[in-house]
Amino acid sequence: MSPSVLEALKLTTAMKCAPHEGCSLLLRVQASLILHDSLRGLEACSMNLDTQETQCQNVRVSRASRRRQVGRQLQVHFDCFEVSVAQSLYVTLRTVPHFCGVQLDQQYHVEDCRDEDVGRNVPVCFVEKFSYWVDRSRKVILVQVPEAPGAPDYYVRLCLKWFTCEDVGAPVRVTVNRMSRTVSLPYSQELPCLCLEGWSATPDAVRMQACPFEDETEALWDAIRYHPGDQALSWEPACPVSGHVSLCWRPGPGALCHTLEHSGRPAHGRVQYPLVDAQPQLCLKFSTSRGFRVRCPFQERRFQAWKMTVQPAASQGHLRVTFFSPSAAHFQVHLCHQRKSWAPACRPVLGATALPSASGDFMADPAVAFVNIPRDEACVPNTCIQGWRTDVLFSAPQQLCDLQCTATQGTAD
């Protein structure tokens with residue numbers, strides 16, 4: 001039998017409505033064919049692509065009809081298939097008996113609640129249009145599930161929207177006979193990916209989502225942790241982020257934060273930096289499509305940073321740069337010449353000479369290293385002395401500029 005016997009397969013959505021109960025959805029299947037003397041009927045099957053559940057219907061062609069109408073075009077209408085809102089279906093049309101290669105296939109998507117007629121007449125869509133409001137003082141989201149005649153029970157939950165929406169606590173079931181249709185859902189942080197999800201307690205129910213804080217990203221940049229044991233600094237966002245993160249050095253309050261070399265990372269998930277110097281001037285800079293954010297986690301007082309001072313040295317014509325640290329550390333001094341544009345031209349002078357602690361207690365005797373540098377080099381206008389820690393992978397310098405060398409004394413912190 002030629003495949004051209006089956007000419008067309010037409011699929012449409014219909015509604016069956018009852019007074020006071022709303023409407024249900026049906027799939028209407030219509031086929032066009034050229035009648036063949038070997039053809040005894042047609043079979044149409046509808047498969048739900050989500051559950052693989054299949055429904056089939058047959059239409060028989062009588063022997064008398066075959067004799068009278070062989071070679072003529074026929075229009076065949078099947079009984080309607082029951083379907084649900086937003087279902088994805090795969091419909092096949094075959095002959096009875098089945099002949100190899102004689103088949104039509106079509107994928108079909110049932111309208112969802114955004115369709116005007118479906119949204120206005122199908123009860124499940126009445127319930128799905130929940131409303132909500134946020135009580136920030138109590139950190140709860142109040143969800144109102146509207147009543148609808150004949151509507152099933154309903155679920156609401158909070159979830160974090162990644163590739164799928166991941167549960168934040170158990171879903172709450174709103175039963176038909178529940179006195180109050182308002183549900184209170186507590187949350188801990190106002191995150192852009194924290195969403196409400198609601199759906200009917202029926203198979204293949206459409207899930208409606210709303211994300212109350214989708215424009216509020218500030219909490220993402222605060223997810224920074226420092227691990228003193230291995231001196232590791234990490235950041236792990238609670239929501240998907242697209243952009244870059246880097247370490248940067250901020251010379252002073254309100255100053256630009258200058259990116260440290262080799263610290264750029266894609267901000268797609270957890271980012272970790274090993275051996276980081278816990279300096280107040282060392283910060284994390286986040287670059288996204290919404291702009292830049294800078295966080296400086298070591299500005300809290302619980303982090304004890306090293307300090308640098310510059311004073312006249314015992315040997316004439318030199319300045320002594322001394323480093324004070326609450327723990328053992330290695331340092332280097334750079335001399336920098338300031339320019340109108342960043343960055344200053346810097347060159348290393350010398351590594352600092354370690355000073356043994358007289359008491360063995362860094363808190364009682366915190367001076368750990370020093371460098372003597374020529375006064376005539378350090379006292380040139382527009383010159384800065386930078387101190388760097390060299391026993392870590394990522395460090396921010398401390399800097400003293402334009403020293404008053406007639407009575408030289410300075411401290412950087």
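Guide: A disulfide is a pair of cysteine sulfur atoms within 2.5 Å. This is a predicted model, in which local features need pLDDT of at least 70 and side-chain atom pairs count only at pLDDT 80 or more, while totals for chains, interfaces and linings use all residues. Residues are numbered from 1 along each chain as its sequence is written, and side-chain values use heavy atoms, with hydrogens and water left out.

Visitor: How many disulfides does the structure hold?

Guide: The structure holds 8 disulfides. One of them joins Cys45 to Cys56, with an S to S distance of 2.0 Å, and the link of Cys45 and Cys56 is right-handed, with 110° about the S-S bond.

Visitor: Where in the chain are Cys45 and Cys56?

Guide: Cys45 lies in strand β3 (residues 41-48) and Cys56 in strand β4 (residues 54-60), so that the pair, 11 residues apart, links distant parts of the chain. Strands here are DSSP runs of E with at least two residues, and helices are runs of H or I with at least four, both numbered from the N terminus.

Visitor: And is Cys45 buried or exposed?

Guide: Cys45 counts as buried because its relative accessibility is 10%, where buried means under 20% relative accessible area, exposed over 50% and partly exposed in between, using a 1.4 Å probe and protein chains only. Cys56, by contrast, is partly exposed, with a relative accessible area of 42%.

Visitor: What about Cys283, which cysteine does it pair with?

Guide: Cys283 forms a disulfide with Cys296, and their sulfur atoms are 2.0 Å apart. The torsion about the S-S bond of Cys283 and Cys296 is about 95°, so this disulfide is right-handed. Cys283 sits in strand β23 (residues 282-288), whereas Cys296 is in the loop between β24 (291-295) and β25 (307-312), 13 residues apart. Cys283 is buried at a relative accessible area of 1%, and Cys296 also counts as buried, at 15%.

Visitor: Okay, and Cys248?

Guide: Cys248 is joined to Cys257 by a disulfide with an S to S distance of 2.1 Å, and this link is right-handed, with 85° about the S-S bond. Cys248 counts as buried at 0% relative accessibility, and Cys257 counts as buried at 10%.

Visitor: Switching topic, how many helices and strands are in the protein?

Guide: The protein has 4 helices and 33 strands, and buried residues make up 43% of its 413 residues.
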